[in-house]
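Visitor: I have a model to look through and would like to go over some of its local features. Could we start with the backbone and then turn to side chains and pockets?

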Amino acid sequence: RHAALGDEALLSIVKFASESDRTVNEIREYLEIASPLLAHHLDVLESVGLISRNKSSVDARKRFVSVRHENLPQFESPKTLKRVVFVCTENIARSQLATAIWHGLIGDNASSGGTRPGASIHPLTIDSAKQHGFKIMNRKPRQVSASDLENATVITVCDSAYAELGESNVDAHWSILDPVQAGTKRAFDKTIEQLEQRIQLFKGAMK
């Protein structure tokens, strides 16, 4: 891993994808390199456990590159605004959990919303959060509004919400699988683990 991060191109990929998951095409355009060379770089990073590549749940032709923060020495803390908004499609699991974890680790300056809110918060969202020491504050899913997104750091936690809001309206995207589809406690625990690893990076980074 240290050898991989000693390579300028590989380090650039990791830094570019450290705050927001990136598509392979976004990385190629950022580095301005040919696709075969980029594929080689990504193979190296994946082989040493520094990234993972996952199909978009919206467009199977796209691959999101996610940094595996648990195996990565921390870079500079990411900069954020005073307010954070987590967005997923239904606002029944991932964005609710992200907000609860943020409240528990950082502060109360986070909220959540959905692009197409569901009828009610999934029971395992509430139960799993509680078992991990976090509390779901919202009583029901809510529609994310234009005012929610103004002067806020907007973080999408599902591919559908990212596609619906559009790249220009999102500060960071975390491509996290929907635990509701699996419907198991283990899936929710994994989601909490992934979110907690990412949110830990923001400690001490608030303006």
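Visitor: Is Asn91 buried or exposed?
Guide: Asn91 is buried, as its relative accessible area is 0%. Please keep in mind that this is a predicted model.

Visitor: Where is Asn91 found?
Guide: Asn91 belongs to the loop that runs between β4 (84-88) and α5 (94-105).

Visitor: And what is its phi?
Guide: Phi of Asn91 is near 60 degrees, which is a positive value in a residue other than glycine. For context, most residues other than glycine have a negative phi.

Visitor: What about phi of Glu32?
Guide: Glu32 also has a positive value, near 55 degrees, and is likewise a residue other than glycine. Glu32 sits in the loop between α3 and α4 (35-47). With a relative accessibility of 71%, Glu32 counts as exposed, whereas Asn91 is buried.

Visitor: Let us stay with loops. Where is Gly133?
Guide: The loop between α6 (123-131) and α7 (146-149) holds Gly133. Gly133 is exposed, at a relative accessible area of 62%.

Visitor: How far apart are Gly133 and Pro117 in space?
Guide: Their C-alpha atoms are 25 Å apart, and the two residues are 16 apart in sequence.

Visitor: Changing topic to rings: how many aromatic pairs does a search of the whole structure find?
Guide: Such a search gives six aromatic pairs. One of them is formed by Phe16 and Tyr30, and this pair is stacked, with 3.9 Å centre to centre and 0 degrees between the planes.

Visitor: Which parts of the chain does that pair link?
Guide: The pair links distant parts: Phe16 lies in helix α2 (residues 8-16) and Tyr30 in helix α3 (residues 24-31), 14 residues apart.

Visitor: Are the two partners buried or exposed?
Guide: Phe16 is buried, at 16% relative accessible area, because the cut-off for buried is under 20%. Tyr30 reaches 47% relative accessibility and therefore counts as partly exposed, since exposed requires over 50%.

Visitor: Which residue lies over the face of Phe16?
Guide: That residue is Arg22, at 4.0 Å from the ring centre of Phe16.

Visitor: Which residues do ring pairs link into a cluster?
Guide: The cluster consists of Phe86, Trp102, Trp174 and Phe202.

Visitor: On to cysteines. How many disulfides are there?
Guide: The count is zero. Cys88 is in no disulfide, and its nearest cysteine sulfur, that of Cys158, is 5.3 Å away.

Visitor: Finally, the pockets. What volume does the largest pocket have?
Guide: Its volume is about 800 Å³. The lining has 34 residues, and those nearest the centre of the pocket are Ser175, Ile176, Leu177, Asp178 and Gln194.

Visitor: Which elements supply at least two residues of the lining?
Guide: They are β2 (51-55), β3 (63-67), α8 (159-165), α9 (179-182) and α10 (185-200). The largest share, seven residues, comes from α10.

Visitor: How do the lining residues divide into nonpolar, polar and charged?
Guide: The lining of the largest pocket comprises eleven nonpolar, 13 polar and ten charged residues.

Conventions:
Residues are numbered from 1 along each chain as its sequence is written. This is a predicted model: local features need pLDDT of at least 70, side-chain atom pairs count only at pLDDT 80 or more; totals for chains, interfaces and linings use all residues. Side-chain values use heavy atoms; hydrogens and water are left out. Rings of Phe, Tyr and Trp (its six-membered ring) pair if their centres lie within 6.5 Å; planes under 30 degrees apart count as stacked, over 60 as edge-to-face and the rest as tilted. Helices (H or I, at least four residues) and strands (E, at least two) are DSSP runs, numbered from the N terminus. Buried means under 20% relative accessible area, exposed over 50%, partly exposed in between (1.4 Å probe, protein chains only). A charge sits over a ring if NZ of Lys or CZ of Arg is within 6 Å of the ring centre and within 35 degrees of the ring normal. On a 1 Å grid over the protein atoms alone, a cavity is a set of points where a 1.4 Å probe fits but cannot get out, and a pocket is an open set with protein on both sides within 12 Å along at least five of seven lines; lining residues have an atom within 4 Å of a point. Grid points are joined across faces, edges and corners, and a volume is the space filled by probe spheres set on the points. Ala, Val, Leu, Ile, Met, Phe, Trp, Tyr, Cys and Pro count as nonpolar, Asp, Glu, Lys and Arg as charged, and the others, Gly among them, as polar. A disulfide is a pair of cysteine sulfur atoms within 2.5 Å.
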